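Reader: I am new to reading structures of this kind. Could you take me through one, giving the general idea before each case?

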Amino acid sequence: MKVLKFGGTSVGSSENIHKVVDIVAKRSKDSRILVVISAVGGVTDSLLIMANEAVSKNESYKTTFHTLKAKHLHIAEEVLNSAYLEAVIDTLTHELDQLKSLLDGLFLINELSPKTQDKLLSFGERLSTTIVIACLEQHGLKVQLKNSQELIVTDNNFTNARVNLDNTYKNIKDFIASDHHDVILFPGFISKSETGEITTLGRGGSDYTASLIASAIDAEDLEIWTDVSGMFTTNPKLVKQAIPIEKLSYQEAIELSHFGAKVLYPPTVMPVLLKDIPIWIKNTNQPEEQGTLITNINQLQVAKPVKGISNIDNIALMTLQGSGMVGIPGFSKRLFETLANEKINIILITQSSSEHSICFAIDESDAQKAKTSVDQTFQNEISLKQLEPLIVETELSVIAVVGDNMKNHQGISGKMFSTLGKNNVNIRAIAQGASERNISAVISKKDVKKALNSLHERFFEDNTKQVNLFITGVGNVGQRLLEQIKQQKKYVKAHHKVNLRVVGISNSRTMVLDADGISLKDWKSQLDSGENASLNGFLEHAKSMNLRNSVFVDITANSDVANSYDQYLKESISVVACNKIACSSNYDDYQNLKALSLKYSAPFLFETNVGAGLPVIDTLNHLMTSGDKVNKIQAVLSGSLNFVFNNFNRESTFHDVVKQAQDEGYTEPDPRIDLSGVDVARKILILARESGLSLELTDISMENFLTESAMNANSVDDFYETLKSDEEHYKNLYLSAEKNNCQLKFVAELDGDKAKVGLQEIPEGHPFYNLEGKDNIVMFFTERYPEQPLIIKGAGAGADVTASGLFADIMRLANN
Ligand code: ADP
Ligand code: ASP
Ligand code: MG
């Protein structure tokens, strides 16, 4: 014989009930089967809601009742033909009338006892079985409906009754022996106490009903039919990448369900475990899928140490601490006895080795009761200041990593906690069972999704790391970056195990955000119709999405954006900037960002600040971290100025060449920043700082080659006008260089702790002499490279190379 249990969603619609009938019909061909049914999905919740409405004198219980009534009548009308419908409607109406009277009574007396609550909740399963039995008969099956309340005997612990196993098993066995139907249908969840009162087995208890029946009759197996294809590696509602687990041991299933895998009600496992009856978890919507098999498997056959990760929300963490506890035997006994007397279920316990404190996690709804009773028990110690009153923290969750084979593998907890730490998930308490079958941690409720996703990635996704990008500034460079990400996404995932997702895009007008990832095919139209842009709004979105491996990418030249980096870093959101402002403003600010980056384990990368995509800063960092020391840096760092002086000659005008540089995207939006030398000064300043010097921009000596009027121009247009009128000045610079057989290069130099920038005539033979187009060159003279410098040379401006530099920074931190 087999026992099949169908959950709320499986009987939640006429379409699904048809599927249930098909499955039952197929199974009953091979053997006699026993079917347990839950209430229609959401009905038990609705019953509780209307009870609470009624007792609080809220007339809306009537509307809730009507919705519930309509739902059942509607399902019946859809699934049944006229031969069955009338009788079923009669029974439903009769039961619903009883329910309504009970609710009206609650409304009058204004009180809901646990006993009445159970009576009320029992209607859910009574109503659903009324419909399903008729459907099975209509399909031609020989079915018997048996009220489980006549079989399952419990104590009087209403809402969570404990089963008297001996009596229950005997009742079930006797009944099955006396009945000869092919299919017997039972309502799940409901039971009766020894004194004849209606009780229930706890929320989700239909699974348990089925397990009791399976155990009583030594069933071949127990099948739990639900709305997912098995027990998943983690909660599939929170982690998209979760996958069904093929096989689990009973103990693993107990741990996972105990720590929140709702698909199986925790007490379900024990009765079948004792009889070695396998449990299958199957999907009513996809019966062909294999599902999960839970058996007594030998743990050594199991390759993976971690089998699943689960979570329980709405947790309160309670801490009892004080010197009065140290070394006193019986102390914990008093504490836990107090909680047991109040019927408070303890989910996790930790005690510090100094015995100075005990910490335990319970359901948030028990927190007040626990506080009152524990403070009462230890009243004496509290008044003598040997103990502090019980400390209560709420808004927490427990997450647990589970697997039989974890004990044979070192480093699981290391991996677990480093993954959480890297993602800025603060851990409030930790517990590991002596069996080493689970490691659990208490964390903030708001971090659960991020924690589950990061841990799932670490343990199940072959280490593929999701990186979530918030990109601000989508001009030339930004657009290229998005284009490159779109092109490279697949490759990077396959070869570098990095899953790049753009989750936020902003320009100065609008912004678009989507935690599931913005499609890069039509990001422009999405951005156009996005909400109004705001720097703070963007940050708030990034904070509230709270995604793992978040990165803020600044592709603007805006100082307000640069001023917001600290706030991102404080949220452990990494920053990748091509904007130079942050690194070249006050030294203290630059240092502060570096410190925040370290403190919050969030990289702050700005390779594109110098030499666009060339690995200048990265190389310098490598030199420094490996113990080298910079003596001198000589460099041509302005792709735009190099372009200008390479194209400026006897024939061209300075104005036209500068204009061309701007049109081709080689200058900053305001070309004066390049031409005045400020941009180069910022770059050498950044290199100086990265070499370990604490210089300010004002320490960089700037030899300016522009005319007075160009320097004093009020606008970009005025500036261009001065280039025209001062053409002779610029032409003279050229002619002088030509006469000396030199090339004009705008050079940046750091020598010791002195830095300067300025236009120089470079003689033939010098490495700078032949520097072409918009190329940059950097020569590092260091202790390891004293005479022959380490040279980095290549394109130092342009949207594509800058975008690829940003891309490289993103990959650097993804591989971090
Ligand atoms: P039923 O009504 O069939 O009893 P439940 O809602 O009680 O169904 O349990 C199924 C749900 O459990 C799934 O829809 C899923 O959202 C949730 N769930 C949480 N954790 C897990 C997990 N690890 N594996 C599968 N489902 C899970
Ligand atoms: N209907 C009950 C509940 O919702 C029992 C069950 O579905 O397993 O908790
Ligand atoms: Mg369930």
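This is a predicted model: local features need pLDDT of at least 70, side-chain atom pairs count only at pLDDT 80 or more; totals for chains, interfaces and linings use all residues.

Reader: Into which domains is the chain divided?

Author: The division gives domain 1 (2-227), domain 2 (308-447), domain 3 (465-609) and domain 4 (616-797).

Reader: How should I read the interface between domain 3 and domain 4, and how many residues are in contact there?

Author: One can look at distance, contacts and area in turn. The C-alpha centres of domain 3 and domain 4 are 29 Å apart, and twelve residues of domain 3 are in contact with 16 residues of domain 4. Together the two domains bury about 1,200 Å² between them, with 54% of it on carbon and sulfur atoms. Of the area that domain 3 buries against domain 4, 45% is supplied by Lys580, Tyr587 and Glu607, more than by any other three residues.

Reader: Turning to the ligands, which residues are the closest to ligand 1?

Author: For a ligand, one lists the surrounding residues and then looks for polar atoms that face each other. Ligand 1 is surrounded by 17 residues, the closest being Thr226, Asp227, Phe232, Lys237 and Lys262. By class, this shell has six nonpolar, seven polar and four charged residues. Oxygen atoms of ligand 1 have polar side-chain atoms at 2.7 Å in the case of Thr226, at 2.9 Å in the case of Asp227, and at 3.1 Å in the case of Lys5. On its own, ligand 1 has 570 Å² of accessible area, and the protein covers 89% of that.

Reader: Which residues are around ligand 2?

Author: The residues around ligand 2 are Ser38, Ala39, Thr44, Glu125, Phe189, Arg203, Gly204, Gly205 and Ser206, and by class they divide into two nonpolar, five polar and two charged. Within this shell, a polar side-chain atom of Arg203 is 2.6 Å from an oxygen atom of ligand 2, while an N or O atom in the side chain of Thr44 is 2.7 Å from a nitrogen atom of the ligand. For Ser206 the polar atom belongs to the backbone, and it lies 3.1 Å from an oxygen atom of ligand 2. Taken alone, ligand 2 exposes 260 Å², of which the protein buries 86%.

How values were computed: Residues are numbered from 1 along each chain as its sequence is written. Chains are lettered from A and ligands numbered from 1 in the order in which they are written. Side-chain values use heavy atoms; hydrogens and water are left out. A residue is near a molecule or strand if one of its heavy atoms lies within 4 Å of it. A polar contact is a pair of N or O atoms within 3.5 Å; within protein, one must be able to donate a hydrogen and the other to accept it, and residues adjacent in sequence count only if both atoms are side-chain atoms. Accessible areas come from the Shrake-Rupley method with a 1.4 Å probe; for residues, only the protein chains shown count as cover. Ala, Val, Leu, Ile, Met, Phe, Trp, Tyr, Cys and Pro count as nonpolar, Asp, Glu, Lys and Arg as charged, and the others, Gly among them, as polar. Domain bounds come from an automatic or database domain assignment. Contact means heavy atoms within 4.5 Å. Buried area is the accessible area (1.4 Å probe) that two parts lose on being put together, summed over both.
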